[in-house]
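Let's walk through this model together, starting with one chain's fold and ending where it meets its neighbour.

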Amino acid sequence: MEGARKLVSTFKVPIGPQHPALKEPSNFTLEVEGEYVVNVTARVGYNHRGIEKACENRTYLQDIYLIERICGICSHAHTTTFCQAVEECGGIQAPPRGIYLRTLVAELNRIHSHLLWLGVAGHEVGWDTLLMYVWRDREVVMEALEMLTGNRVNYAINTIGGVRRDITPEQMRKLTKWLKILEERTKHYRNLCLGEKTLLSRAIGIGILKPNVARSLCAVGPTLRASGIKWDVRRDDPYAAYDEIPFEVVTSDMCDVAGRVIVRVDETLQSINICKWILEHLPSGDIRTKLTRKIPPNEVVSRAEAPRGELIHFVRSNGTDKPDRVKVRAPTLGNILAVCEMLKGGYIADIPIVLAAIDPCFSCTDRMLFVDRTTDKNWVWSSEDLKRYSVRFYANEPFPRRR
Amino acid sequence: MIMSEEKKAQTEEKKAAPPRIEPPKVEPQKIQVENSMVEEIKKFLGEDLIEGKVQRPRRIYLKVKPGAHRKAIQYMKDNWGLYHISTISGLDLGNNLEVVFHLNARNIEVNLRAEIPRNKAKIDTITDLLPGSNLYEREVHDLFGIEFRGHPNLEKLELPEDWPKGVYPLRKDWKVPE
């Protein structure tokens, strides 16, 4: 960061980093030498909303709605972790049917997130057709979630002590039918991703993260599993119903963007199997336990496997109906150090897909500052500028020689 | 319904105090590994370990003196295969601040805590032992004002640049302005 500051004399930032017209803002400063990225500094935190402090002034039930909105795509993982933490603080045990329904929605959430990501990955390499097809099939999951929970994005189905809505036999039949369709389509996308040269040339050998580097930088989720490390909170620290459900932890030895694509597509297939298993083995009974408003003093660390990786909540209660401290670490923060490492030594044109490959929860990185060490120039690009550049770069030289 | 005096007092008592919940009794064989780990680190740290307890399977809580956390983490790296840190939390305990390192070794979440005085909130960094803790220390520094001695670049992580110096929003004495 010191070096970048010395080189930057003046730079024009037309708008931002925060402006009503922009999408989710963030800021990357990239030191480049010609076409190659040499150093990356990420600035996160433009979306910091003070949720942890806000949680301390609201009751546990009100906090569920705050926590859900930390992230739009892994919203269910956040509420699951939070509700689990508060239930453990208060010694409340959710009934088995409630836990199974919670897990079912969690897996549908994971399918939805991975399919969304696959479309975004296609969009980042300039293959918009993939985006359109995958998002069309993602509508199946969105309809399933709307049928189960009443909402497409923030499901609001978790509550402290269980879930809020039950599933009827008719809904179960519909869901089973839809899962068959989803499985067929996901297998088709799997073959597509493994066979399509345009995607593979943009993904193989790009954004390499060796296993020892991934471990030392404490990466999480599919980013870590694509480097061959078998680490999944659902298997290693089972929560909800995962200690009873059979499934495989998907890893890949490729250590690059292609590995991350394969891991996510295979995880989607695993999730579909988990959903089918849950529908076949759903226990009967209540869906929630009544709880007391005041939670006795306790502190609990609760972990879950969000679609993006390990999610951890640390909740401390003090005997009142408001928490003393809620600490949230979203999975993307664990992958920032890893992504800065992955970008080094790569082409500028690879930046969009490498950033997208960690499935960042700060969405589009809308403004990037480039500092060229060799020519002393610096410039600011929006993500659209960068995407246009990278599509042109690869159109001119489809299989460039790498350093 | 006319209640007797005793019954009225009883129901009022019940409403006032939060229900005392005993932690669920965990069978000792389920937490054998965790118990042996706590014994091991007790032997290694000796007096530096203030408290070590197993809350439930896969959750260990250790409290150490502020200087000893590095020794403990080095021991865990050498003997328990520790390489992953989940996050670092800051806590405001009223008189003192506390730093809790959430580590993951042998698939067990080891929560290592160290209490530091409020007016002298400094603690040694662990970024040389666990490089993944870089951003987490910056976050705790930003929001609580705890300085991590030896951190390579202790800059702001989340608060904006024009945030006033010396104001730490996650401490209890800072209230959200109306």
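Chain B contains 4 helices and 7 strands; helices (H or I, at least four residues) and strands (E, at least two) are DSSP runs, numbered from the N terminus. This is a predicted model, in which local features need pLDDT of at least 70 and side-chain atom pairs count only at pLDDT 80 or more, while totals for chains, interfaces and linings use all residues. Residues are numbered from 1 along each chain as its sequence is written, and chains are lettered from A and ligands numbered from 1 in the order in which they are written. Along the sequence, chain B reads α-α-β-β-α-β-β-β-β-α-β.

Now look at the sheet. In chain B, 5 strands form an open, mixed sheet in the order 1-2-5-4-3; two strands pair if DSSP finds at least two bridges between them. Strand 1 (49–56) and strand 3 of chain B sit at the edges with a single partner strand each, so one side of each lacks a neighbour in the sheet. Strand 3 runs antiparallel to strand 4 (residues 96–105) of chain B, and 8 bridges join them. Here Thr87(B) stands opposite His102(B).
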